[in-house]
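Here is a short report on one helix and some charged pairs. Look over the sequence and the structure first.

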Amino acid sequence: TPDTGILIINTFPAELGTCLGASKKSLISKLGSEFHIRAISALGKLDQAIPEQGIILNGSPYSLLDEHSWTENYKNFVREMIKQRKTILGICFGHQGLADIHGGKIENLDNPKFGAQEVNLTDFGIKHPLFHDLPEKIMLPGSHFNHVINLPEKHKVLAHTDASPNYAIDISTETGANAWGIQFHPEMDNERLAAVIEIKKDGIP
């Protein structure tokens with residue numbers, strides 16, 4: 001049903017179909033069969049009449065620091081979903097997008113991160129539904145060349161790493177919509193990892 005539906009927003013070009021397929025497959029396997037799951041591309045026109053209550057802003061091979069023809073439409077779509085009080089989870093690129101439209105600052109990492117990283121939960125993060133019952137220090141899979149370095153104080157930092165101060169965030173929205181961003185990839189499995197290695201191998205230190 002629409003109330004239990006989840007919409008995945010992808011930003012993968014056609015030539016990276018293998019990586020997109022692995023990403024969608026691993027996300028669906030993690031979400032479970034009780035949800036109706038649909039995926040659309042943000043590279044074209046985005047319909048703002050969305051029946052699903054849950055939105056996942058997926059990771060991407062693109063960077064928000066670069067200008068693309070679809071970037072502003074993507075941001076406007078996210079703003080509209082917040083107005084409609086959707087529940088939003090931003091992963092990697094999606095995490096950075098949520099931060100960007102709420103006053104955060106994105107920068108390149110001095111040393112791009114790839115693989116398992118030690119993540120430290122904040123006091124707020126330990127009590128948050130995203131991380132409830134997890135230890136204060138956890139190892140999580142990541143793959144990113146940019147990160148969120150600044151975030152207005154009204155938003156909550158849930159987790160950080162040695163390199164990234166805003167690794168997971170809870171966005172304070174004017175509409176009261178739940179909007180959470182995570183820099184890591186909870187959907188990462190062996191197939192997804194192999195696909196990411198293939199497209200990023202030249203940039204992995």
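Is glutamate 52 buried or exposed? At 3% relative accessibility, glutamate 52 counts as buried (buried means under 20% relative accessible area, exposed over 50%, partly exposed in between, with a 1.4 Å probe and protein chains only).

This is a predicted model, where local features need pLDDT of at least 70, side-chain atom pairs count only at pLDDT 80 or more, and totals for chains, interfaces and linings use all residues. Residues are numbered from 1 along each chain as its sequence is written, and side-chain values use heavy atoms, without hydrogens and water.

**Salt bridges**

The structure holds four salt bridges (a side-chain nitrogen of Lys or Arg within 4 Å of a carboxyl oxygen of Asp or Glu).

| Pair | N to O distance |
|---|---|
| Arginine 38 and glutamate 52 | 2.7 Å |
| Lysine 75 and aspartate 100 | 2.8 Å |
| Lysine 105 and glutamate 107 | 3.5 Å |

Lysine 75 lies in helix H2 and aspartate 100 in helix H3, so their bridge ties together parts 25 residues apart in sequence. (Helices are DSSP runs of H or I, at least four residues; strands are runs of E, at least two; both are numbered from the N terminus.) Lysine 75 is buried at 14%; aspartate 100 is partly exposed at 25%.

**Helix H2**

H2 spans residues 71-83. Its buried residues are Thr71, Tyr74, Lys75, Phe77, Val78, Met81 and Ile82. They pack against strands S1 (5-10), S3 (54-57) and S4 (87-91), and against helix H3 (93-101) (contact means heavy atoms within 4.5 Å). Arginine 85 follows H2, with a positive phi near 60 degrees.

Conventions
Expected span 1.5 Å × (residues − 1).
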